Amino acid sequence: MASSSDYFIDIVSDPSTPMLGDIPHFPYNELKTATKYWNKDNKVGEGGFGTVYKCEWKNTTIAVKKLKVRRSNKPEETLNQCQRDQLLRELKYLNSCRHKNILPLDGICFEHPKYCLIYRYMEHGSLEKKLSRKEPSLCWEHRLHIAKGAASGIQFLHAKEPPAIHGDIKSANILLNEHMDPVIGDFGLTREGPIEKTHIIVSRPLECVHLHMMKIRHQNNISKIL
Ligand SMILES: Nc1ncnc2c1ncn2[C@@H]1O[C@H](COP(=O)(O)OP(=O)(O)O)[C@@H](O)[C@H]1O
Ligand SMILES: [Mg+2]
């Protein structure tokens, strides 16, 4: 497998890039083949930052988040500043937070302008999907187990020094493995919290709200939220 440093073209030259250690690099072409050319049948989820595909990789099932690349201010197609910051935050926290209720990051693929994050696949998908399905509904035993696990993951983040504030805890970002154990994912909006204060107020970066609104407008759904 190629060394990840062979592929960092712009991100790695950024002084704010966290230590990437030995995170394995997955070649883009192999991910493309494994997901059957990003086939919609392999798609398991989508957020504002990326589209997530399930695939087999060397006898292991993995989840690949393919980042949505939009045009930035630069003439070439690449990540804009907001996406770049999200990527760096996700890398920094997922790589440094090892806990049974935090989604493990298994690898990266940086082949400018294509960027993917590779995670352990969570068999039961997001809590949001589980709650939206009528049958079978989640039993109370599982609900309690999920609530406790998610709280334990959040407590782990808040107990770090300095504390890590996830900033986007919601059912779509809580994933469930084959045993219905919850893990917290999507660290794109995570930030360092103050050490002394007991609470802080956080808000999303304006540009991300703008991108979200653009997406809704693109889908012609604006009337639904007005
Ligand atoms: N490791 C995973 N296993 C299974 N499904 C996943 C995994 N990671 C993400 N997903 C699905 O993809 C959706 C979007 O993932 P997420 O990381 O939140 O993307 P974004 O950063 O774009 O919001 C999740 O709500 C979930 O349904
Ligand atoms: Mg998300």
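Domain bounds, as used here, come from an automatic or database domain assignment. With that in mind, let us walk through this predicted model, in which local features need pLDDT of at least 70, side-chain atom pairs count only at pLDDT 80 or more, and totals for chains, interfaces and linings use all residues. Residues are numbered from 1 along each chain as its sequence is written, while chains are lettered from A and ligands numbered from 1 in the order in which they are written.

Strands here are DSSP runs of E with at least two residues, numbered from the N terminus, and two of them pair if DSSP finds at least two bridges between them. Five strands form an open sheet in the order β1-β2-β3-β5-β4, with antiparallel pairing. Its edges are β1 and β4 (105-111), each of which pairs on one side only. On average, neighbouring strands are turned by 25° against each other, direction ignored; the axes behind this angle are lines fitted to C-alpha atoms, and angles run from 0 to 180 degrees between N-to-C directions. Between β1 and β2 there are 3 bridges in the antiparallel sense, and Lys43 has Tyr53 in β2 as its bridge partner.

Now to ligand 1. A residue is near a molecule if its C-beta atom, placed from the backbone, lies within 6 Å of it. There are 24 residues around ligand 1, and Gly45, Gly47, Phe49, Ala63 and Asp186 come nearest. Two or more residues of this shell come from each of β1 (43-46), β2 (50-57), β3 (60-67) and β5 (114-120), with β1 giving the largest share, 3 residues. Domain 1 (4-120) and domain 2 (127-206) each supply at least three residues to the shell.

Conventions: Helix = DSSP H or I, 4+ residues; strand = E, 2+ residues; numbered from the N terminus.
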